[in-house]
Amino acid sequence: QLQLVESGGGLVQPGGSLRLSCAASGFSLSSYEIGWFRQAPGKEREGLLCISASGGSTVTADSVKGRFSISRDVAKNTVYLQMSSLTPEDTGVYFCAAVRPRSPYRACTISATLYNYWGQGTQVTVSS
């Protein structure tokens, strides 16, 4: 059974940093693209970053470029979202999601509609 579990969310002050984890089970990260998304209150789900199944490429949304990064540990079957220089606008529920591409070398996408496995989300609140 394929499962994704996010963790690491919480309350952080503006300008602070946070690292989220997405633990995968029931499948290998080497075969799936993983994306990070967030949903702020009253807003649509926004794609932030993704990493290809091969791990060779990533995509980062302009809104978080230079502040957020994605990485993975295949041995731990975990993907990370490192966030820095956080602002109140980064507040929201953060989700990781997975999709199996036809080729592991395909460039990943941050379009939420293309992902078919989702975690339950973890809340991030940026406030002083």
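Visitor: What makes Cys-22 and Cys-96 a disulfide?

Guide: Their S to S distance is 2.1 Å. A disulfide is a pair of cysteine sulfur atoms within 2.5 Å, so Cys-22 and Cys-96 are joined by one. This is a predicted model: local features need pLDDT of at least 70, side-chain atom pairs count only at pLDDT 80 or more, and totals for chains, interfaces and linings use all residues. Residues are numbered from 1 along each chain as its sequence is written, and side-chain values use heavy atoms, with hydrogens and water left out.

Visitor: Why is the disulfide of Cys-22 and Cys-96 called right-handed?

Guide: The torsion about its S-S bond is about 75 degrees, so the disulfide is right-handed. The pair links distant parts of the chain, 74 residues apart. Cys-22 lies in strand 3 (residues 18–25) and Cys-96 in strand 9 (residues 92–99). Strands are DSSP runs of E, at least two residues, numbered from the N terminus.

Visitor: Why does Cys-22 count as buried?

Guide: Its relative accessibility is 1%. Buried means under 20% relative accessible area (1.4 Å probe, protein chains only), so Cys-22 qualifies. Cys-96, at 0%, is buried too.

Visitor: How do you know that a disulfide joins Cys-50 to Cys-108?

Guide: S to S is 2.1 Å, so the pair meets the cut-off. Cys-50 sits in strand 5 (residues 46–51), Cys-108 in the loop between strand 9 and strand 10 (117–118). Both are buried.

Visitor: What is the handedness of the disulfide of Cys-50 and Cys-108?

Guide: Right-handed, because the S-S torsion is about 80 degrees.

Visitor: Which pattern do the disulfides follow?

Guide: The pattern is 1-3, 2-4, counting bonded cysteines along the chain. The whole structure has 2 disulfides.

Terms used
Helices (H or I, at least four residues) and strands (E, at least two) are DSSP runs, numbered from the N terminus. Buried means under 20% relative accessible area, exposed over 50%, partly exposed in between (1.4 Å probe, protein chains only).
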